[in-house]
Amino acid sequence: MDSFVWDKDRKSRTGIAEAVFCNNKSDADLIAIIEYNISHHSSVLLTRLSPTQWAMLPAAVQEKLDYEAASSTAILNFIKPESTSSDVCIVSAGTSDLAVAKEAQRTLAFNGYHAPIYADLGVAGLWRLIDKLDDIKQHKIIIALAGMEGALFSVLSGLVDMPVIAVPTSVGYGVSAGGQAALTSALASCSPGILTVNIDNGFGAANAAIKIMKQFHPVTGV
């Protein structure tokens with residue numbers, strides 16, 4: 001008996017295809033899921049695929065996947081976005097947030113959207129954000145990532161007229177509490193227009209942006 005039931009109709013129902021969250025999956029289950037989708041010629045995004053899990057996959061399976069260690073993602077039957085323009089961008093407070101930022105970027109790419117990352121724009125050096133502000137304003141949706149006290153969310157939202165999707169990250173010392181301080185900051189912000197997802201949830205932030213963008217610019221063929 002299979003230990004998984006693939007939700008093949010999720011994309012037609014919700015606009016976003018089922019992805020594979022690899023963390024805590026057994027090697028056998030992970031291989032079975034990938035081989036199932038290979039046999040069905042599916043395009044599939046795998047998230048939180050650790051280097052250890054990647055290494056244990058059979059070579060024949062690895063050959064079918066586009067793996068990026070920096071984001072812990074792999075894509076089966078990856079089709080790169082044709083356009084280099086995008087309505088969404090990703091802004092990270094520090095380079096320590098880049099793994100989650102890249103997870104968001106890869107999720108967007110899997111769904112046909114190019115999204116540039118503006119990295120290391122935290123408010124400890126506010127000039128860095130101001131220096132890139134004109135570029136950021138060329139986009140219509142911002143995914144913002146910050147750990148520590150999460151100040152970037154409020155500052156950025158107070159400077160732009162587009163929605164900001166906040167991703168608190170588990171970066172910081174002591175009372176940062178694995179992203180809890182940044183999460184609380186995002187939820188308690190007095191700057192309007194901030195939408196908040198769970199800690200380190202770059203995948204969720206990207207899908208929120210995708211659902212917004214699909215209302216105005218549907219993407220086909222993915």
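**Close-up 1. The side chains of T73 and S71 are joined by a polar contact of 2.6 Å.** A polar contact is a pair of N or O atoms within 3.5 Å; within protein, one atom must be able to donate a hydrogen and the other to accept it, and residues adjacent in sequence count only if both atoms are side-chain atoms. This is a predicted model, in which local features need pLDDT of at least 70 and side-chain atom pairs count only at pLDDT 80 or more, while totals for chains, interfaces and linings use all residues. Residues are numbered from 1 along each chain as its sequence is written, and side-chain values use heavy atoms, with hydrogens and water left out. T73 belongs to strand β4 (residues 73-76); helices (H or I, at least four residues) and strands (E, at least two) are DSSP runs, numbered from the N terminus. T73 counts as buried because its relative accessible area is 0%. Buried means under 20% relative accessible area, exposed over 50%, and partly exposed in between (1.4 Å probe, protein chains only).

**Close-up 2. T73 and D66 each make a side-chain polar contact with R106.** For T73 the distance to the side chain of R106 is 2.8 Å, and for D66 it is 2.6 Å. D66 lies in strand β3 (residues 65-68) and is partly exposed, because its relative accessibility is 30%. Contact here means heavy atoms within 4.5 Å. Not counting residues up to four places away in sequence, D66 touches T73, A74, I75, F78 and R106. With the same exclusion of neighbours within four places, the contacts of T73 include L45, L46, T47, D66 and E103. The C-alpha atoms of T73 and L45 are separated by 7.2 Å, although these residues are 28 apart along the chain. D66 and L76 are ten residues apart in sequence, with 6.5 Å from C-alpha to C-alpha.

**Close-up 3. The side chain of S86 reaches the backbone oxygen of H114 at 2.3 Å.** S86 is found in the loop between β4 and β5 (88-92). S86 counts as buried because its relative accessibility is 13%. Apart from neighbours within four places in sequence, S86 is in contact with H114, A115 and H139.

**Close-up 4. The largest cavity holds about 30 Å³ of space.** On a 1 Å grid over the protein atoms alone, a cavity is a set of points where a 1.4 Å probe fits but cannot get out, and a pocket is an open set with protein on both sides within 12 Å along at least five of seven lines; lining residues have an atom within 4 Å of a point. Grid points are joined across faces, edges and corners, and a volume is the space filled by probe spheres set on the points. A search of the whole structure finds one cavity of 30 Å³ or more. Its lining consists of V20, I33, I34, N37, V44, L46, L65 and L76.
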